[in-house]
Amino acid sequence: MKTEKQHIFDKPKNVQRVLYGLFGTLVLLLALEPLVHKHPYFAWEEWFGFYAIYGFVACVLLVLAAKYILRPFVKREEDYYD
Amino acid sequence: MIEFIPPAFIFILGALAVPLLRGRFKSAYMMALPVVSFLFLLSTQVGTAWEVHFLGFDLVPFKVDRLSLVFGYIFHLISLIGVIYTLGFKSDLEHVAGLVYAGSALGVVFAGDLFTFFVFWEMLTVSALWLIWARRTRASQAAGFRYLMVHVFGGLVLLAGIIMYISEQQSVSLGFIGLHSPATYCIFIGMGINAAWPLLHSWLTDAYPESTVGGAVFLSAFTTKTAVYALARTFPGTEPLIWIGALMTAFPIFYAVIENDLRRVLSYSLINQVGFMMVGIGIGTELSINGAAAHAFAHILYKSLLFMSMGAVMFRTGKINATDLGGLYKSMPWTALFCSIGAASISAFPLTSGFVSKSMVLDAAAHGHMSIVWLTLLFASAGVFHHSGIKIPFFAFFSHDAGHRVKEAPVSMLVAMGIAAFFCIFLGAYPKFLYSILPYPVEFVPYTASHVLFQLQLLMFSALAFTLLLLSGIYPAEIRAINLDADLVYRRGGPLFYRAMAAVLNGANRLADQLFTGRFVGGLSRFARHGPAHLLLLVMKPYWAVSGLSGQEEVDAREKFRRQVEAGVLPISILGLFAMIYLGLLFLL
């Protein structure tokens with residue numbers, strides 16, 4: 001019997017590499033921040049890591065709100081309207 | 001010598017010949033239509049206008065300015081891409097409907113008067129409908145009918161507004177309108193229905209996911225963006241649009257997170273993206289209008305690219321729910337790559353089209369010191385990456401392997417996706433091209449070190465949130481379920497209204513039937529039969545009493561008299577009797 005070809009993400013090691021790549025990028029992005037010249041419109045844009053924190057918190061809140069607040073209200077069986 | 005033919009004519013009349021052609025010639029013909037039309041358009045000057053005098057009005061069926069040109073260009077490009085994408089389908093209905101639909105959108109964009117505008121606006125609805133119905137499922141039929149109902153309603157509101165507005169202004173010319181009278185509010189709302197404003201949006205998330213594989217590509221491009229154009233033309237700087245737009249960017253992303261049907265996820269993110277354009281129009285500065293137009297241009301490409309990739313997945317696997325998909329990168333690597341490019345663009349990664357267009361709107365909001373709007377848009381930017389940027393490619397092509405071992409998408413689909421993907425990157429890498437066709441001169445510089453870095457921080461930390469939530473198991477599992485939305489109002493309210501009306505009106509009907517046909521008609525016929533006898537007896541009784549008839553004789557006489565009257569065999573005619581009574585009365589008085 002022919003075994004199926006191994007694909008890139010079939011190896012857990014490759015998945016792990018992607019994750020390490022992500023974490024490395026994050027550290028790099030924060031490390032670069034002091035080096036760039038900011039031209040902010042709002043005061044909070046000057047805080048260190050504002051965009052990073054905002055993006056992270058926004059997404060966590062988004063998922064939690066969608067899962068625990070919206071879904072219990074709106075979820076119905078697939079044949080609800082039939 | 002014909003100098004110029006308006007695009008709408010080429011598309012709509014050209015579409016009619018499509019069913020007559022076969023094979024390669026047909027394919028070449030369909031691809032030639034947008035190309036020829038585009039060449040004609042390139043030869044026109046800004047400021048060209050055709051005037052026609054009709055029924056006492058000065059109609060301008062074709063007018064070109066820089067705002068209409070941006071939309072004209074992108075509508076041509078996406079028509080060509082859509083035609084290529086659907087070349088493999090043997091469905092004349094879809095081909096014709098798609099071209100007529102695109103032609104109608106071009107008709108709206110180049111309309112110089114309200115009359116022409118409205119005619120093409122309605123054709124847009126009618127032709128779009130067939131792209132939904134062509135799927136030929138029960139669900140698509142029902143969704144198509146709901147789509148039609150909503151748009152007919154919207155069309156009527158718009159028409160009412162236009163008629164009132166024309167009588168106010170004594171002119172049919174199409175230009176800045178602005179909110180100031182009931183007429184303008186009607187026009188505003190009529191356009192808003194097509195732009196999928198909050199609570200008026202559910203026709204979109206209801207119908208688009210039910211359309212055909214190719215139909216969704218066309219649908220995602222034209223209806224809402226035509227409305228964006230219309231609002232940019234008639235209501236720039238209208239403040240409510242800022243708040244409507246901000247709400248539009250925010251609320252759909254919550255739905256997108258829990259939605260299972262991936263084309264419905266894209267539909268929610270479509271609303272979210274149109275929200276950015278609404279904000280741009282609402283702010284109304286040169287930068288923000290440029291931003292809205294640029295974002296519409298970029299959005300049409302990456303949104304259709306995403307719809308094309310999901311269409312290809314559906315075409316090959318027959319599935320579109322996240323619960324049924326996963327691991328497709330193994331068998332459809334090119335589709336996965338193109339989808340990822342679309343996903344990166346919608347998320348506004350640097351070097352993609354979304355980056356150079358969305359940031360114009362955000363900057364315009366910042367320039368106006370609109371902190372709440374700006375924070376909302378930033379939240380929506382992170383959110384859109386979360387559901388369109390990661391969720392779509394991840395659940396379709398990666399995630400757990402659902403075991404589909406299918407062929408890569410057909411060549412025509414790959415070519416179409418390739419062209420769209422090329423433009424997503426081209427516009428992002430070379431924004432001058434896009435900026436050069438915008439309505440106003442552009443001074444905006446997207447690629448500053450801080451802008452690139454902050455955008456990457458925002459996106460990559462959103463990715464971190466997704467990764468952590470997924471690994472910890474908190475990320476909401478995909479569930480085979482549907483989510484209620486504003487369409488509940490008419491999907492449940494409609495039948496309820498029907499039943500209520502049935503109860504009230506059928507009740508009234510039954511009551512009327514009982515009263516009129518049952519009692520009134522019966523009574524009338526009884527009166528016609530027995531009434532005269534009773535009336536005459538009133539006269540005869542005193543007469544008999546005076547003539548001294550005994551009890552039994554009177555009963556007999558009464559019975560005989562009644563029989564005679566009812567049979568109509570009285571010795572004298574009834575009229576004669578009445579005449580005598582009348583004369584007697586005259587004599588006495």
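The largest cavity has a volume of about 60 Å³, where a cavity is, on a 1 Å grid over the protein atoms alone, a set of points where a 1.4 Å probe fits but cannot get out, and where the volume is the space filled by probe spheres set on the points, with grid points joined across faces, edges and corners. The structure is a predicted model, in which local features need pLDDT of at least 70 and side-chain atom pairs count only at pLDDT 80 or more, while totals for chains, interfaces and linings use all residues. Residues are numbered from 1 along each chain as its sequence is written, chains are lettered from A and ligands numbered from 1 in the order in which they are written, and side-chain values use heavy atoms, with hydrogens and water left out.

By this rule there are two cavities of 30 Å³ or more. The lining of the largest cavity, made of residues that have an atom within 4 Å of a point, includes Lys63(B), Val64(B) and Asp65(B), and also Tyr229(B) and Arg233(B). This lining divides into five nonpolar, two polar and three charged residues, with Ala, Val, Leu, Ile, Met, Phe, Trp, Tyr, Cys and Pro counted as nonpolar, Asp, Glu, Lys and Arg as charged, and the others, Gly among them, as polar.

The second largest cavity holds about 50 Å³ of space, and its lining includes Pro6(B), Pro7(B), Ala8(B), Phe9(B), Phe110(B) and Phe120(B). Two or more residues of this lining come from each of helix H1 (7–16), strand S2 (57–63) and helix H4 (92–109) of chain B, where helices (H or I, at least four residues) and strands (E, at least two) are DSSP runs numbered from the N terminus. H1(B) gives the most, with three residues. The lining of the second largest cavity divides into nine nonpolar residues, one polar residue and no charged residue.

Chain B averages 92, and 99% of its residues score at least 70. Among the elements of chain B, the highest mean pLDDT, 97, belongs to helix H16 (residues 411–429), and the lowest, 82, to helix H20 (residues 551–567).

Ala196(B), in the loop between helix H7 (182–194) and helix H8 (202–207), has a phi near 60°, a positive value in a residue other than glycine. Ala196(B) is buried, with a relative accessible area of 1%; buried means under 20%, exposed over 50%, and partly exposed in between, with a 1.4 Å probe and protein chains only. Ala348(B), which lies in the loop between helix H13 (333–346) and helix H14 (353–367), likewise is not a glycine and has a positive phi, of about 65°, and it counts as buried at 2% relative accessibility. Ala396(B) lies in helix H15 (residues 371–397) and is buried, with a relative accessible area of 0%.

Chain A has two helices and one strand, which run α-α-β from the N terminus on. Its radius of gyration, taken over C-alpha atoms, is 21 Å, well over the 12 Å that the globule rule gives for 82 residues, so chain A is more spread out than a compact globule; that rule is 2.2 Å times the number of residues to the power 0.38. Along the principal axes, the C-alpha atoms of chain A fill a box of roughly 55 × 45 × 15 Å. Of the 82 residues of chain A, 33% count as buried.

Methods: pLDDT is the predictor's confidence in each residue, from 0 to 100. On a 1 Å grid over the protein atoms alone, a cavity is a set of points where a 1.4 Å probe fits but cannot get out, and a pocket is an open set with protein on both sides within 12 Å along at least five of seven lines; lining residues have an atom within 4 Å of a point.
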